[in-house]
Each structure stands twice: as structure tokens, then as C-alpha cells.
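Let's take a walk through this chain together. Keep the viewer open and turn the model as you read.

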Amino acid sequence: MAVNKTYSFLLLFLLFNLGLKVQAAVIEVNSTGGGLGTNQLCSLRAAIRAAETDAPFSACAAGSGEDVIILPANSTIVLNQVDNYSLGDNALPKIRSHITIEGNDAVIRIPSQAPEMRFFTISPNSTTGDLGHLILKNLTLNGGRADHSGGAIHANSLLHLERVRLENNHADFTGGAISCKSSHTLCVVKSSALINNSASYAGAIDIDLDAGLILNQSIVSGNQATIGNGAADGGSVFVSSGHASIINSTIVNNQGGRYGGLLATDTGLPFSTPGTMTVAYSTILNNNPLGVIGNITIKNSVLSGNVGGNCRSFSTVVSDGYNHSDDDSCDFTASGDVINMPAHLAGLVETSQYIQTYPLSYLSMAMDAADPNDCPNTDQRNAVRPLDGDNDGLARCDKGAHERVNDYIFANGFNEPITR
């Protein structure tokens with residue numbers, strides 16, 4: 001990865017996490033309506049207006065500084081009206097300040113009969129020069145549609161998702177769920193699920209124009225790139241220009257015309273840097289066609305059952321060691337790599353609406369086989385790593401996204417392993 005790109009990516013990360021805190025307002029939404037509220041009711045649209053303007057709006061209190069909007073617990077908010085046009089139609093006001101939306105496991109939905117529109121656009125504030133910064137927590141976004149990029153969210157600034165489910169969103173061009181564009185854009189997706197989204201290119205997430213992505217403890221499943229004309233498409237995450245870092249995540253059952261899995265390639269605009277990606281402790285499973293393609297460095301990961309090969313045969317994928325591939329398409333030869341051996345993955349485990357994993361079965365050679373000197377503290381579920389999965393008395397990280405617990409029960413006089 002080029003030095004200037006590394007510096008830019010780290011600078012964005014520090015800005016994202018170490019920004020000075022200022023006085024904040026808490027705005028409580030008491031309406032599930034999708035409009036601008038009333039004198040008695042504070043809707044989500046009205047709450048964002050109040051936060052953006054630092055002034056009361058409808059029944060919503062005025063924002064102040066880094067605002068927190070709280071949604072009614074387990075509610076469903078249905079959006080039927082376009083709020084603004086900014087890089088396409090948006091159902092909710094543009095985010096140009098620092099706003100956190102605590103969803104309390106609410107669902108925000110755009111029904112099929114509503115106008116074609118996404119949920120959010122995040123942009124810098126042209127007046128102050130500050131970066132817009134949207135944080136979403138404990139929330140589902142379902143049914144967004146964009147006529148260009150970012151079916152649910154278009155980020156030209158800072159985006160942070162934590163325990164967010166993005167499902168059944170669509171973009172006509174790129175980024176079925178999320179589009180991250182520009183050198184001052186960083187998208188952080190943590191403990192989240194991107195399920196059944198679609199676009200012509202980048203079925204789930206598009207990274208372009210030197211943007212950055214951190215995908216951590218998340219699943220990207222069942223997304224589709226639909227262009228189907230032999231173009232470089234990318235069914236799940238497509239880095240055209242910029243960098244993506246993926247750790248403790250599952251990439252499964254995504255589909256594209258040429259490339260169903262993870263794709264990083266230099267197809268960005270002139271003067272953009274090449275697309276690059278690093279992958280660690282992740283499970284890449286049953287994508288169609290291919291698992292990982294392009295400028296990708298991968299470590300401590302499991303690749304299995306990807307149609308047409310776990311890697312493109314003449315790809316530039318590089319092993320940093322301790323990967324497990326059930327075919328020889330990746331040509332992994334680094335320390336700890338295993339090729340051409342079954343991965344023996346168990347079935348889907350759904351911990352919550354945000355967390356889904358595929359653990360190793362008790363037969364897998366990938367169990368207790370990751371780099372002993374490079375083990376994160378938790379796995380995709382936020383469960384502790386390392387654990388002694390094979391009961392040999394030594395705790396060592398498993399390869400892949402799920403750290404396996406091997407318990408034993410007695411049934412019919414035999415010890416039968418069960419997986420958690």
C-alpha cells in the first residue's frame with residue numbers, strides 16, 4: 001500500500017475516533033411517521049432538521065453540537081416522501097454535522113410503492129468546512145433505492161455503523177447498500193449485516209475516489225452485482241480506488257457476472273490511487289463466481305466453496321500466511337497456509353439480526369491453526385479469542401471469523417462434539 005494512501009487512511013481513522021467532544025443535545029423521536037412531524041409529534045425527519053439547524057423543528061428539541069437522536073424501541077418507521085435531492089433523491093435530510101441515531105432495534109423502511117430514494121447522504125458542510133459524520137446504531141434500513149450510487153447510504157464524509165442491518169437495498173449504478181466516495185470519506189461498518197442488496201456494480205459496498213472502509217465483525221451475504229456483461233462487477237465489496245480493511249467478517253453467497261466475492265482493482269478515475277484490500281480472520285464462502293480477486297492481501301482466513309475457485313487463477317492476491325483454502329486456485333505458499341484440503345465448515349449460526357457466522361466443524365484443520373503470534377481478542381460475535389477448540393490443552397486462534405468452542409455431550413454412550 002502506498003505511503004500517501006496509508007497516511008490518508010490513518011488520518012481519517014484518527015479523525016473519526018479522536019475528535020474533540022463538544023456539547024451535545026439529545027432529541028427523542030416520539031412518532032413513527034415518515035413526515036415532518038407536528039406540534040405534538042417529533043418525527044425522525046424533523047429530528048434531523050432540528051439537529052442540523054440547531055433550532056427546534058415541529059415538536060423536536062433544538063440540536064446543539066454532536067447530537068443524539070433516539071428512536072422508539074422496536075418501532076417501524078415507513079418513509080414515503082422525498083425530502084431532498086442530493087446525489088439522487090433522499091428520504092431523510094442531508095447529514096452535514098455530527099449526528100448519532102440510536103435505533104433501539106427499530107426498522108426504517110421504504111416501501112416498494114414509494115418514490116425511488118435512499119435513506120441518507122453524508123457530505124461536508126460547505127459553509128464551515130467540517131465533515132459530516134453519521135453514526136447509526138441498533139437499526140435496520142430496508143428497501144432503499146438509488147438511481148445512481150448508494151442504495152441505502154451515500155457517504156462523501158464520515159460514516160459509522162454499529163449493529164446495523166442493511167437489507168434489500170438497490171442502486172442502479174454502484175453500491176447496493178453503501179457507496180463511499182472521496183478522499184475525506186471513511187466508512188466504518190462494525191457488528192453489522194449487509195443482506196440481499198444489489199447494484200450493477202458492487203452489490204453491497206462500493207469504495208472509490210480514494211475512500212476508506214473498515215469492515216469489522218460483520219457479515220456480507222446474498223448481495224448481487226447485476227451488470228452481467230463481462231464487466232468488473234464485484235458482488236460484495238468492490239474497491240475501485242482507495243483501501244478496505246476487513247477483519248473478523250464473513251463474506252458468503254454473494255453473486256456477480258464475473259466476480260461474486262471481494263474485488264480490489266485499479267479501475268478508478270484518473271489520478272485516483274489503485275484499489276487495495278487487506279483481509280484477516282475472515283470466512284469467504286460460496287460466492288459465485290470466485291472468492292477474492294485483485295489487489296488483496298489475506299491472512300488467517302478460510303476460503304471454501306467459491307464457485308470457479310477461491311481465487312482468480314491469475315490474480316494478484318497475496319497470502320500473508322495461515323490461510324486455509326479448499327482448492328489450489330490461490331497458490332498460497334506462505335507460512336501456515338493449507339491448500340487443497342476440506343475446510344469442514346458447520347452450518348449458519350445466527351446470534352442476532354446483526355450477527356451471522358459459519359463456525360468450523362470439529363473435523364476442520366483450520367481449528368486452532370491461525371498465527372500464534374497474531375490473534376485478536378474477539379471474533380465476529382465479539383466472543384473471546386483464543387479458545388482451545390480441539391481440547392488439547394492449548395488455546396490458539398482459529399482461522400476464519402468464528403472462534404469455535406468444542407464442548408462434549410454424552411448420547412447413546414458416545415462423546416459427540418457440538419459446536420458453539
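Phe173 is partly exposed, because its relative accessible area of 36% falls between the limits (buried means under 20% relative accessible area, exposed over 50%, partly exposed in between, with a 1.4 Å probe and protein chains only). Tyr201, at 21% relative accessibility, also counts as partly exposed. Before going on, please keep in mind that this is a predicted model, in which local features need pLDDT of at least 70 and side-chain atom pairs count only at pLDDT 80 or more, while totals for chains, interfaces and linings use all residues. Residues are numbered from 1 along each chain as its sequence is written, and side-chain values use heavy atoms, with hydrogens and water left out.

What kind of pair do the rings of Phe173 and Tyr201 form? Their centres are 5.6 Å apart and their planes stand at 70°, so the pair is edge-to-face. The rule behind this takes rings of Phe, Tyr and Trp (its six-membered ring) as paired if their centres lie within 6.5 Å; planes under 30 degrees apart count as stacked, over 60 as edge-to-face and the rest as tilted. The count by this rule comes to one aromatic pair. Distant parts of the chain are linked by it: Phe173 belongs to strand β12 (residues 170-174) and Tyr201 to strand β16 (residues 198-201), 28 residues apart.

Now for the overall build. The chain has two helices and 36 strands; helices (H or I, at least four residues) and strands (E, at least two) are DSSP runs, numbered from the N terminus. Of its 420 residues, 55% count as buried. Among contacts (heavy atoms within 4.5 Å) between residues at least 6 apart in sequence, 67% join residues at least 24 apart. The accessible surface comes to about 16,100 Å², and 52% of that belongs to carbon and sulfur atoms; these areas come from the Shrake-Rupley method with a 1.4 Å probe, and for residues only the protein chains shown count as cover.

Which residues touch the most other members of the largest nonpolar core? They are Ile69, Phe120 and Ile178, in a core of 69 residues. Helix α2 (residues 44-53) gives the largest share of this core, six residues. A nonpolar core here is a set of buried Ala, Val, Leu, Ile, Met, Phe, Trp, Tyr and Cys residues joined through side-chain atoms within 4.5 Å. Leaving aside neighbours within four places in sequence, the contacts of Phe120 include Ile48, Leu92, Leu134 and Ile153, along with Asn90 and His154.

Next, the backbone. The peptide bond from Asn288 to Pro289 is cis, with omega near -10°, and Pro289 sits in the loop between β26 (283-285) and β27 (292-294). Another cis bond runs from Arg385 to Pro386, with omega near -15°; Pro386 lies in the loop between β34 (356-357) and β35 (406-411). Asp368 is found in the loop between β34 and β35. Its phi is near 50°, a positive value in a residue other than glycine, and at 9% relative accessibility Asp368 counts as buried. Leu209 also has a positive phi, near 55°, but at 29% relative accessibility Leu209 is partly exposed.

Finally, a word on confidence. The mean pLDDT (the predictor's confidence in each residue, from 0 to 100) is 91, and 90% of the residues reach 70 or more. Over residues 408-419 the pLDDT is below 50, and this stretch has 24 contacts in the model beyond near neighbours in sequence. Where pLDDT is low, the predicted coordinates should not be read in detail.
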